[in-house]
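Subject: Handover of a structure and findings

Dear colleague,

Please find below the structure that I am handing over to you.

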Amino acid sequence: MKLTKTFKAFFENEKSGGLLLLFVTIISLYLANSSFQVPYIAFWEKDLGGHSITHWINDGLMTIFFLLIGLELEREIYHGELSSIKNASLPIMAAFGGMLVPAAIFLALNFGTATQNGAGIPMATDIAFAIGILSLLGKKVPASLKVFLTALAVIDDLGAIIVIAIFYTTSIAFVNLAIALGIWGFLFILNRMKVQNLIPYLIGGVVMWYFMLNSGVHATITGVILAFVIPFGDGGEKSSSYKLQHFLHKPVAFVILPLFAIANTCIAIESDWHQGLNHPNTYGIILGLVIGKPLGILLFSSIGVTAGLCALPKSLKWAHILGAGMLGGIGFTMSIFITLLAFKDPEVIVFSKIAILIASVLSGIFGFVYLKFILTQNKSSK
């Protein structure tokens, strides 16, 4: 399978960004538990215009991340793996399983408790981390496996966005929401009029973000819906969508996501930290990501193929799908993001983050070791 130029650029950026995320997370955890702990944590909690620095990153800069996700999703729908039912059906089935089974495991342990709202946490996959780990396996990785994991993670992110919009929106200020959607409608008209200049779309996006922020619907949703009114044209290098997507790749991979990781992993780990893990919430997160993700992805992929809804590419084996499912258990960015929406109790948030880190590390290790063994076996058998 040949990889397109756009996909290769995306994969390389996500690969490098994933390795950078790993590095800054380790540094952040170290500083939060060193002699610099107090000033370091205080810095991220510092008030800036009525909100903490962390809040501006989570609600502001992460909107740009979601804009990039939206642009990538749009490209996949028009020209990529999601452009035909035949190509899209396998990762779509896999993504459904990778969301539903982890959520079911979490709810089985937490339904009816104060933490049941965290069911969305183990549903997410971190694209950058998952691809970063996959890239460590080098040229032995089949191109179709790279495409499958990327498409799976993109669909997974779309699922997470829908979950955020539906289940993590509390009270809605309908006037602000109507204004935000009205601005989106105006930008849509500009799109239909074939206005290619990005400036009115970006200015409109900022204003739309402000009203969405004050509507009760999470502001980051602005990024996704804005992406779909950016002129796509033929999707070529001269199109507005391509230019913006190409421009955003590096700032998102090397600035925004690392900042998000640093700000949200400055966790002061107390000596009795392990006691907080003895809770249905943390069990649900860890089991959902480590067990639920690969189980759901493999199970639903198998159901889809058996029912004739999709086909397994010739270069892929079920062992590859299981390995991709293990890497899908690396929740990190999106899981932490949903944690901040699901819970208000600082203690629950801290222990949820620790559970996410543990589950993501385990999933990364299991996926890497398993795929390395499988790919080595395949190579030696040829």
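A pocket is defined on a 1 Å grid over the protein atoms alone, as an open set of points where a 1.4 Å probe fits, with protein on both sides within 12 Å along at least five of seven lines; its lining residues have an atom within 4 Å of a point. Grid points are joined across faces, edges and corners, and a volume is the space filled by probe spheres set on the points.

Please note that this is a predicted model, in which local features need pLDDT of at least 70 and side-chain atom pairs count only at pLDDT 80 or more, while totals for chains, interfaces and linings use all residues. Residues are numbered from 1 along each chain as its sequence is written, and side-chain values use heavy atoms, with hydrogens and water left out.

Pockets

The largest pocket holds about 980 Å³ of space. Its lining consists of 33 residues, and Thr54, Asn58, Asn264, Leu340 and Ile349 lie nearest the centre. Among the helices (DSSP runs of H or I, at least four residues, numbered from the N terminus), helix 2 (37-45), helix 3 (53-78), helix 10 (240-264), helix 13 (332-342) and helix 14 (346-380) each contribute at least two residues to this lining. By class, 19 of the lining residues are nonpolar, nine polar and five charged; Ala, Val, Leu, Ile, Met, Phe, Trp, Tyr, Cys and Pro count as nonpolar, Asp, Glu, Lys and Arg as charged, and the others as polar.

The second largest pocket has a volume of about 390 Å³ and is lined by 18 residues. Helix 14 provides the largest share of that lining, with seven residues. The lining comprises 15 nonpolar and three polar residues, and no charged ones.

Aromatic pairs

Rings of Phe, Tyr and Trp (its six-membered ring) pair if their centres lie within 6.5 Å; planes under 30 degrees apart count as stacked, over 60 as edge-to-face and the rest as tilted. The whole structure contains nine such pairs.

Phenylalanine 66 and phenylalanine 337 form a tilted pair, at 5.5 Å centre to centre and 55 degrees between the planes. Phenylalanine 66 belongs to helix 3 and phenylalanine 337 to helix 13, so this pair ties together parts that are 271 residues apart in sequence. Phe65, Phe66, Phe260 and Phe337 form one aromatic cluster.

Yours sincerely
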